[in-house]
Amino acid sequence: MNYSLNAYAQPLTVQQAAHLLRRATFGPTQANIAAYTGVSSTLAIQTLIDNINYNPPPPVDLNDAKTTVGQEYVNSSYDSTLARNFDFRFYYKYWWINMMATQSGNPSIIDKMTLFWQNHFVTTEAAVDEYRAIYKYFMKVRSRSLENFKDFVRDITYDPAMLKFLNGHDNQKGTGGAASNENYARELQELFVVGAKDFAGNSNYTENDVKAAARVLTGWRYRNFYTNGTTFVESYFTSTRHDTASKVFSASYQNKTINTPTTAPVGYNNAGEFEIDELLNMLFAHPETAKFICRKLYRFFVNPNVTQEIEDNVIIPLANIFKSVDPTTGRTFEIKPIIHKLLSSEHFYDVGNIGAIIKSPAEFIVGAHRFFNFPVPIIDSANLINSVKNHRTYAQYIYDRMTEMQMALLDQPTVFGYDAYFQTGYSRNWINTSQIGLRNSFTDKLISGRTLVSGITPLVTIKIDMLAMVDLTNVNHNPSIPLPPNYDVTNCVHIVELVTMNLFATELTANQKTFLIDTIFMINQPRTNWTTQWASYKANPTTTNINTVKSKLEALMKYLLRMAEYSIC
């Protein structure tokens, strides 16, 4: 395996362009793959960064029975009598799914980065239970996802949603020199910054370090949750709840002592802010911090299997870049440069890393919708009610299927995140007998078709049109689908080549292709039968002739989408 972090020097092939887009987004369209083919690795990742829209339109009310349908609500005055908190929280999920699926018109890395960090700094919608707090948290995660990591951690530490989720709101000076709640202090070290253990399995800090950090964090609270007449939630510091005694840390942190100043130093609003900065400076000086974050990014974007060779040749060099002063910003721990370095590297494009990750439910479901170019229903003010119905139903269906597949958006099962991003086996945890069945059921429905909302205009149907896919003369044919050389629709070999173009991360073997042609597509009939059947359909498109060719094409695609190869990226 090539372990070099040097930029991959050759123009990207079709397979490499698709590889980058599968890892950096929730899946490419055929047109996206074509656009990124032939460009340099550095330009490709830079374009995915440059395409980011940091200011997407805010979510709107999706209840078509309300007079506020289609209107923004995140900055409106809270009114408990309307009983909309539950609805508004859920609409964030649909809003995010819409952004994953549309990519704001151009593919960018922002929503994949947002998922990574939201699963890193886990705060769940169900536990926070306040729609304004969830929105504030989500936008913080999204806007910080490629910025300075230290600033990111500081913002999360103050965040009202996090203060509720990990009980920071309840943390105050206790009796006997202990803080009243250690939850955030523990996760700050174990999950957010340092990591519980180094690569060799040695502990990175002590239990007493958790207790000392919890005392530093005393006194922070949130306000305006569920408060009628308010338009925002915020955090604040209460000095009378803060532990002012000295906090002494272990040798893991060079025996650091953090003291409470009698007055807030210049640049700080209060002693609490100063102590948090002292705490973060200490955590970020730990020799394992940069490696812990780089290792986690690597497992998410490149390969879950981190060997000793990868640790020595990829993770440690990348961590050294991460903790070095960035020449552009003059600061350490900048996220964007290490993402750019990693996803443009020779190592990233090594063949051993292509197809090394099992698709998450988001990649599997949203990726299918994007690859097959299904339209994402937009909200149209000229047809507001019907367009909202389609828009909501589209996102809700994706959300429900993701939830069935153990990926409830914004609602991880534990503070550790989704199992597939931390449990032994990593992305393999997405797959078991029941999950395979659910994936097959989802892709089968893409073949049989599904109307979003019946009886309205526009009538939106999610269905792979196989006749349009293979027939260049069909008015619904997607011209961005790449064609085999000298493509001939009457040639069954060409049919299999066309429908598998860019469908899989890895190349099919010759034996697999032969099996697909002769056993799945032709059902052990002579290959020449397809030529005859297609000619009959084109000459006389009766229901019988249409169904003959259509059933063969749909059976082929149904089988392809059930293959194990389709579940890897």
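A residue is called buried when its relative accessible area is under 20%, exposed when over 50%, and partly exposed in between, as judged with a 1.4 Å probe on protein chains only. Because cysteine 294 has 0% relative accessibility, cysteine 294 counts as buried, and cysteine 492, at 3%, counts as buried too. The model is a predicted one, in which local features need pLDDT of at least 70 and side-chain atom pairs count only at pLDDT 80 or more, while totals for chains, interfaces and linings use all residues. Residues are numbered from 1 along each chain as its sequence is written, and side-chain values use heavy atoms, with hydrogens and water left out.

With a disulfide taken as a pair of cysteine sulfur atoms within 2.5 Å, the count comes to zero.

Helices here are DSSP runs (H or I, at least four residues), numbered from the N terminus. Helix 1, residues 14–24, is mostly covered, with nine of its 11 residues buried, among them His19, Leu20 and Leu21. The cover over these buried residues includes helix 2 (30–36), helix 13 (289–301) and helix 16 (361–371), where contact means heavy atoms within 4.5 Å.

Further along, helix 8 (residues 149–158) and helix 10 (residues 183–193) pack at an angle of about 150°, with their axes 12 Å apart; axes are lines fitted to C-alpha atoms, for helices over the stretch in contact, and angles run from 0 to 180 degrees between N-to-C directions. Since angles over 145 degrees count as roughly antiparallel, helix 8 and helix 10 are therefore roughly antiparallel to each other. Phe149, Val153, Ile156 and Thr157 in helix 8 meet Tyr184, Leu188, Phe192 and Val193 in helix 10.

Methods:
Helices (H or I, at least four residues) and strands (E, at least two) are DSSP runs, numbered from the N terminus. Angles under 35 degrees count as roughly parallel, over 145 as roughly antiparallel, 65 to 115 as roughly perpendicular and the rest as oblique.
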